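Please read the following report alongside the sequence and the coordinates.

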Amino acid sequence: MKQLRKDIDKDGRGKMVLVPDEEEDMWHAYNIINEGDCLRTTTTRKVQQESATGSSTSSRVRTTITIQVLDIHYDTSACLLRVKGRNVEENQYIKMGAYHTVDLEANQKFTLFKEHWDSVTLERVDNACDPARNADLAVVMQEGLAYVCLITSAMTIERAKIDVNIPKKGKGDDTQRKKAISKFFDQVMAAIMRHANFDLMKVVLIASPGFVKDQFFEHMMKNAAQTDNKVLLENKGKFVLVHSSSGFKHSLREVLEDPSLIARLADTKAAGETKALQQFMTLFGTNPDRAYYGIKHVEKANNSQAIETLLVSDTLFRSKDLDERRRYIRLVDDVKDNGGDVKIFSSLHVSGEQLDQMSGVAAILRFPMPEIEEEDQAEESDEE
């Protein structure tokens, strides 16, 4: 994401001019633009033109429009934002107050006006505009099935699915089985070459049950040596082989929890979130008085300045309820002011999906607070 201009006053009111320059930036834009904001960008509009003879023709014209956002939809497959709103500035083609839907794409400049740029949104813009961002590649595989995914700071993006029928062992001639496996490995290798940017990536994860990952890696390196593939040979050290229970995409969560891998990815946001969630789940099972989820319990812990780590899903900051959004922003600010760590999880990341299933907010406490649960039980007794 490029930030071309920033005009925000001391009260937080103002505008930014931004250009999303890659697919992940569209996800950031989705989390930055809220209902009620004003968005200015270029768009096409179908207009009717009447000739001197009275006949009319329609054509599509490109124009600049400013709309007040009423609804926003993110298309995960196309990485496109569809923003619906009402025109709020004079335009020769679009009447004031007319409804219009803008399709916002990568490399399309837009200006965003907000009555208040909150701390969470400003931090997301800063992170999105950080040129040091990069992605790692993960391949989860089993015999005949593989998913090639990018793991970025905000999401897990499926780049390729390889599905090849492998004959079972002991079914006639083993030659067909070996050919099918070789074909499968070649397709996975081609997908890695297509989607891996070795100049930026710290690591390429290869995960599988059993020895599939080892057999694939051996096949790939043998092929690289035979074809003098310098890219693979020079980046051999970036490949990390780890165990997973299956070759399905959901196995990425357990892959990212692997202790040997966390050391390699300690400075990436994805691994930090996964580690925090793993720590929360462990405490929830062994010392539940230091692990709470749900806004009611977490706010009680925050009132006692007890939160060491706040885990919160970005889904909550996209709520159409302005008061609810402000409630979570206030919680984030309070935890930071009290010296706590805040992890904002992406709902498109496997760890974010798991957090969403637990209300979207959780906290690891500095010290046990059994009274939170006791107060709940007392309130339930009073109600009965």
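The report below describes a predicted model, beginning with the sheet and ending with single residues.

## The five-stranded sheet

An open sheet is built from 5 strands in the order S10-S9-S8-S11-S12, and the pairing within it is mixed. Strand S10 (156–163) and strand S12 (239–243) stand at the edges, and because each has a single partner strand, one side of each is left without a neighbour in the sheet. From one strand to the next, the twist averages 20 degrees.

Within this sheet, strand S8 (residues 136–142) and strand S9 (residues 145–151) are paired in the antiparallel sense over 7 bridges, and Leu-137 is found opposite Leu-150 in S9. Helix H3 (residues 174–195) packs on the sheet, where it touches S8, S9, S10 and strand S11 (204–208), and the direction of H3 makes about 165 degrees with that of S8.

## The pairing of H1 and H2

Helix H1 (residues 23–32) and helix H2 (residues 119–128) have axes that come within 10 Å and cross at roughly 165 degrees. Since angles over 145 degrees count as roughly antiparallel, H1 is roughly antiparallel to H2. The crossing of these two helices, H1 and H2, is left-handed.

The contact between the two helices involves Asp-25, Trp-27, His-28, Asn-31 and Ile-32 on the H1 side, which meet Thr-121, Arg-124, Val-125 and Ala-128 in H2.

Asp-321 is located in the loop that runs between strand S14 (307–313) and helix H10 (322–337). With a relative accessibility of 40%, Asp-321 counts as partly exposed, because that class lies between the limits of 20% for buried and 50% for exposed.

The side chain of Asp-321 reaches the backbone nitrogen of Asp-323 at a distance of 3.0 Å.

## Ser-351, in H11

Ser-351 belongs to helix H11 (residues 350–356). Is this residue, Ser-351, buried or exposed? Its relative accessibility is 1%, so Ser-351 counts as buried, the limit for that class being under 20%.

When neighbours within four places in sequence are left aside, the residues in contact with Ser-351 are Glu-273, Thr-274, Leu-277 and Phe-345.

Key:
Residues numbered from 1 in each chain as written. Predicted model: local features only at pLDDT ≥ 70, side-chain atom pairs only at ≥ 80, totals over all residues. Heavy atoms only, no water. Helix = DSSP H or I, 4+ residues; strand = E, 2+ residues; numbered from the N terminus. Buried < 20%, exposed > 50% of the residue type's maximum accessible area, 1.4 Å probe, protein only. Polar contact = N/O pair within 3.5 Å; in protein donor to acceptor, adjacent residues only side chain to side chain. Pairing = 2+ DSSP bridges. Axes fitted to C-alpha atoms, helices over the stretch in contact; angles between N-to-C directions. Contact = heavy atoms within 4.5 Å. Parallel < 35°, antiparallel > 145°, perpendicular 65-115°, else oblique. Left-handed = near helix turned anticlockwise from the far one by under 90°.
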